[in-house]
Amino acid sequence: MQAKSATESSKIQKNQIQTINDDLDLARDFLCLVKIVDILPEIKRHGEQQTRSLYQAVSAGRDLNALESQLEAFFGEPQKPAGKSASRALRSHPAIKYLGGIRKEQAIFIKKARTGVYYGVLEPDAKSKQTKIHLGFCNHEMSEEDHRKFETLVKRSLRNEKLFDKLDARHGGRIQDIQFATFLRLAELLKLTCTVKIQKDKSIGYLFLYKGDLIAAETGSLKNREAAYEIVGWKNTKIEIEKASAQTENNIKQPLIDILKEGLRIRKRKISAKKIPKIEAEKSKSFAKKEPHSEVRPTDTFDQPPPEKPLEKVKDPAKPRKKQALPLAAIVIGGVLIFAIVAGVSLYFFTSKSLEDQYQSLLVNVENQTELEQKQLLLQNFINSHDQSEYTLNAEKQIEEISQRIEERDYNLSLQQVGMLPLDENYQAEATAIYSRYLEKFPNSPHADEIAQKISEIPNRIEAADYEKLKEIAHLDYERRIAAYTKYLADHPRGQYIVQVEHLISGMSEEYFNHLKQEIPACEKLKEWDNCIHLSSQYLKYFQNSMRSYEVAELKKQFQDKRDLILLQARAENEGDNFEGVKQIFLKYLETNPDSSEKEKLEKELVKLEGKIEDKKQWETIAAYSKDEQIEVSNRIYKLKRYIRKNPSGSYIEDAKVILEDLQSEKQAIRQRQIIAQQKMQQARLQQEKERKKKEEQRIQMEMDRIQGEREEMRARLLQSGARFVANGDGTVTDSQTGLMWSILDSQQELGNCLNYDSAVAYIENLTTGDYHDWRLPNAGDLAGIYKNNNPFPDSGAAWYWTSETTVAGYHTLGGIVTTKKENVFNREYKNLEECGAVRAVRP
């Protein structure tokens with residue numbers, strides 16, 4: 001009977017282990033999600049446990065859609081999107097009790113496991129502009145102890161969460177409990193800059209990271225790419241972080257995933273050169289029968305979740321009515337950290353799962369992938385998580401085959417992309433970029449020579465297409481034809497059709513000259529010479545060796561002189577009375593164009609300008625003198641009258657008369673206006689000050705009378721309440737039972753308004769009632785002593801008073817209060833610090 005019971009117990013244990021194994025990968029995926037969320041920028045862990053979630057954090061700046069995309073990588077689409085109502089099934093879901101209900105603004109994610117349910121929640125808060133994040137696991141059969149152990153596992157997995165924040169140019173450290181490949185991926189994600197030292201036995205290598213990119217490497221005599229290929233192929237390494245190198249130039253110029261693949265190829269070649277030991281096929285004799293098991297995925301892959309089959313509940317035959325409590329979290333902790341189940345169970349688990357079964361499961365998983373890169377990743381994870389064997393070598397061979405398929409696929413894709421490009425001005429750059437990206441990604445490709453040949457043929461193909469277009473423009477006007485011909489010569493200075501195109505251009509010389517002669521009358525009539533100048537310049541540009549080029553050059557010179565004169569006259573008009581500026585413009589032009597055909601006209605204009613300049617200087621001197629308030633008004637008037645007598649018909653005589661009239665009026669009136677204004681202002685200021693002082697005195701007296709009346713009323717009510725409270729006559733009252741001294745008036749009576757908590761503290765600090773300066777906020781016991789248990793202090797009308805006690809609830813700080821309600825049982829109450837209440841001051 002005992003033997004049978006032991007056998008059944010062993011079967012139950014095996015089933016439990018099988019269940020854990022099925023969920024082990026999903027648990028790793030969940031822990032990976034937690035780590036990824038935790039290292040995101042603007043993420044802060046929540047310090048207070050508000051739900052039963054395993055991980056709680058707050059995002060202060062990340063977009064809700066960005067957070068949803070992180071969770072969707074593990075959960076898939078949300079069961080309840082943000083802003084949508086929850087379904088009836090979701091409202092009754094067992095995970096909801098862990099969250100304390102559902103709110104409309106939440107986005108809720110659910111992923112079913114064999115032994116329970118993983119859940120994730122994003123809850124945006126419009127007021128604080130933050131998003132709360134909850135990640136957890138729900139299993140109604142899991143004990144509180146196991147749930148705490150699972151939570152401990154999550155915390156342990158995050159113990160290196162700030163590792164990369166501390167590794168910069170000033171700090172270093174040793175990386176523990178993290179795989180080399182994982183470290184490089186996280187360093188790339190976090191844009192880390194540092195030097196990584198890798199040690200394998202007696203070999204030492206260095207990887208130099210700059211903003212997450214691998215820019216250089218060295219080990220022994222190897223440098224850069226060759227060194228990187230060698231280092232990433234090492235296994236069982238020690239990783240240390242050292243100060244960042246001053247180097248920023250990228251000497252590797254290859255994506256990290258390509259470096260990892262090439263390192264794998266090199267390691268595969270080295271392994272193939274050695275003798276591969278045979279794999280023992282005989283399994284451990286301690287297990288007579290092989291238990292049926294489900295498909296096992298590679299240890300470190302998070303791509304395919306296990307099939308969602310319901311777990312059969314196993315009942316203990318000795319206790320048929322009691323459910324078997326599986327210590328799930330404790331076993332998952334051991335499985336994730338050391339990939340085995342502690343206390344002998346791990347031995348049974350690993351021996352019951354043959355390496356061949358795992359490899360066959362891997363092949364099925366690889367076959368189900370649609371992307372070649374994803375297939376490579378699954379195979380690489382299998383190699384990284386298993387010791388060398390015929391299966392890892394087969395996986396390496398498959399990776400090599402997939403790499404060749406990727407290379408061939410990208411080659412055909414590059415040809416297809418180039419073939420779809422239009423033959424326009426961007427063709428060469430775009431086609432070269434497509435081919436170059438392929439060569440950079442596959443430098444050793446068997447198609448490399450063919451691609452290089454295609455790149456060299458690009459200019460010839462473009463030139464041939466451009467020349468064919470020239471044959472189609474014979475019907476266009478001469479300007480567009482010449483533009484097309486010259487563009488061809490500029491684009492293809494060494495083209496094979498240059499002679500033919502130059503012959504086409506020379507044949508248009510006489511046609512162009514006749515057109516120029518026809519345009520000259522129109523230019524003269526409209527005084528618009530730019531068109532004729534343009535036509536002349538174009539002729540000289542295209543037909544510089546023509547017999548008519550000298551004649552056209554002379555015409556162009558005449559056109560330019562006539563245009564320049566018009567422009568000079570326009571500039572002179574824009575200058576207004578800046579005659580000196582106009583003079584300099586004319587002189588500078590004549591200096592640079594001494595043989596201008598318009599020289600005589602310009603010299604006559606210069607003579608007129610000299611007279612205008614002298615007249616203006618004289619007037620500016622008089623005007624400045626007349627407006628100088630430092631000079632006596634009578635002197636200024638004298639100067640103006642003298643100028644008017646000497647220049648009765650001058651250009652500025654009217655301006656002089658206006659100023660003279662103003663000065664004469666000003667001499668009589670300005671001073672009188674100033675005196676009157678000053679007298680009025682002085683009287684107004686005196687009257688305002690007098691009224692202000694009077695009102696202030698009245699207000700102060702009224703406030704003193706009111707406060708005195710309040711004190712007299714409270715003193716009378718204290719006498720009626722008994723002998724316990726003794727009024728001291730100075731605005732204070734003493735409690736004969738406790739010896740405490742209270743202000744006879746509270747803040748509401750004295751100020752006439754309520755106070756928030758900060759204002760209440762400031763009120764106490766500035767209080768000097770009774771000439772005491774040591775007033776304080778009472779604690780809850782002080783106030784309860786005079787308002788509760790039949791110890792009534794006269795009611796002032798305040799509903800409650802602030803105490804000196806505060807507490808923290810969630811993200812808010814609350815202040816303790818005591819109400820004036822008469823009651824025998826005193827319950828502590830708290831209010832938000834911004835609420836408005838009263839203060840009853842006490843001392844000492």
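What pattern do the disulfides of the chain follow, with bonded cysteines counted along the chain? They follow 1-2, 3-4. Some notes on this and a few other spots are below.

Before the points, a word on the model. It is a predicted one, where local features need pLDDT of at least 70 and side-chain atom pairs count only at pLDDT 80 or more, while totals for chains, interfaces and linings use all residues. Residues are numbered from 1 along each chain as its sequence is written, and side-chain values use heavy atoms, with hydrogens and water left out.

1. Disulfides in general. A disulfide is a covalent bond between the sulfur atoms of two cysteines. Here the call is made for a pair of cysteine sulfur atoms within 2.5 Å, and the structure holds 2 of them.

2. Cys523 and Cys532. These two are linked, with 2.2 Å between their sulfur atoms. The link is right-handed, at 100 degrees about the S-S bond. Cys523 is buried at 3% relative accessible area, and Cys532 is buried too, at 0%. (Buried means under 20% relative accessible area, exposed over 50%, and partly exposed in between, using a 1.4 Å probe and protein chains only.)

3. Cys754 and Cys836. Here the S to S distance is 1.9 Å, and this link is also right-handed, with 100 degrees about the S-S bond. As for elements, helices (H or I, at least four residues) and strands (E, at least two) are DSSP runs, numbered from the N terminus. Cys754 is partly exposed at 34% relative accessibility, and Cys836 is partly exposed at 38%.

4. Two other cysteines to look at. Cys138 is buried, with a relative accessible area of 4%. Cys194 is buried as well, at 1%.

5. Strands of a sheet pair through backbone hydrogen bonds, either parallel or antiparallel. In this model, 4 strands make an open, antiparallel sheet in the order β12-β13-β14-β18. β12 (725-727) and β18 are at the edges with a single partner strand each, so one side of each has no neighbour in the sheet. Pairing is called if DSSP finds at least two bridges between two strands.

6. The two hairpins. β12 and β13 run antiparallel and are joined by 3 bridges, with Phe725 opposite Asp735 in β13. Their hairpin has 4 residues between the strands, and Gly729 in the turn has a positive phi of about 80 degrees. Next, β13 (residues 732-735) pairs with β14 (residues 741-743), again antiparallel and over 3 bridges; Thr732 stands opposite Ser743 in β14. That hairpin has 5 residues between its strands, and Gly739 takes a positive phi near 80 degrees.

7. What lies on the sheet. Helix α28 (residues 780-787) lies across β12, β13, β14 and β18, at about 80 degrees to β14. Axes are lines fitted to C-alpha atoms, for helices over the stretch in contact, and angles run from 0 to 180 degrees between N-to-C directions.

8. Pro778. Which loop holds Pro778? Pro778 is in the loop between α27 and α28, and Pro778 is buried at 0% relative accessible area. Leaving out residues up to four places away in sequence, Pro778 touches Trp742, Leu783, Trp802, Thr803, Ser804, Arg840 and Val842; contact means heavy atoms within 4.5 Å. Trp742 is 36 residues from Pro778 along the chain, with 9.5 Å between their C-alpha atoms.

9. The α14 and α15 pair. The axes of α14 (residues 390-419) and α15 (residues 427-441) come within 10 Å and cross at roughly 175 degrees. That makes the two helices roughly antiparallel (under 35 degrees counts as roughly parallel, over 145 as roughly antiparallel, 65 to 115 as roughly perpendicular and the rest as oblique). By class, the contact has 8 nonpolar, 2 polar and 3 charged residues. (Ala, Val, Leu, Ile, Met, Phe, Trp, Tyr, Cys and Pro count as nonpolar, Asp, Glu, Lys and Arg as charged, and the others, Gly among them, as polar.) On the α14 side the residues include Tyr411 and Leu415, and on the α15 side Ile434 and Tyr438 are among them.
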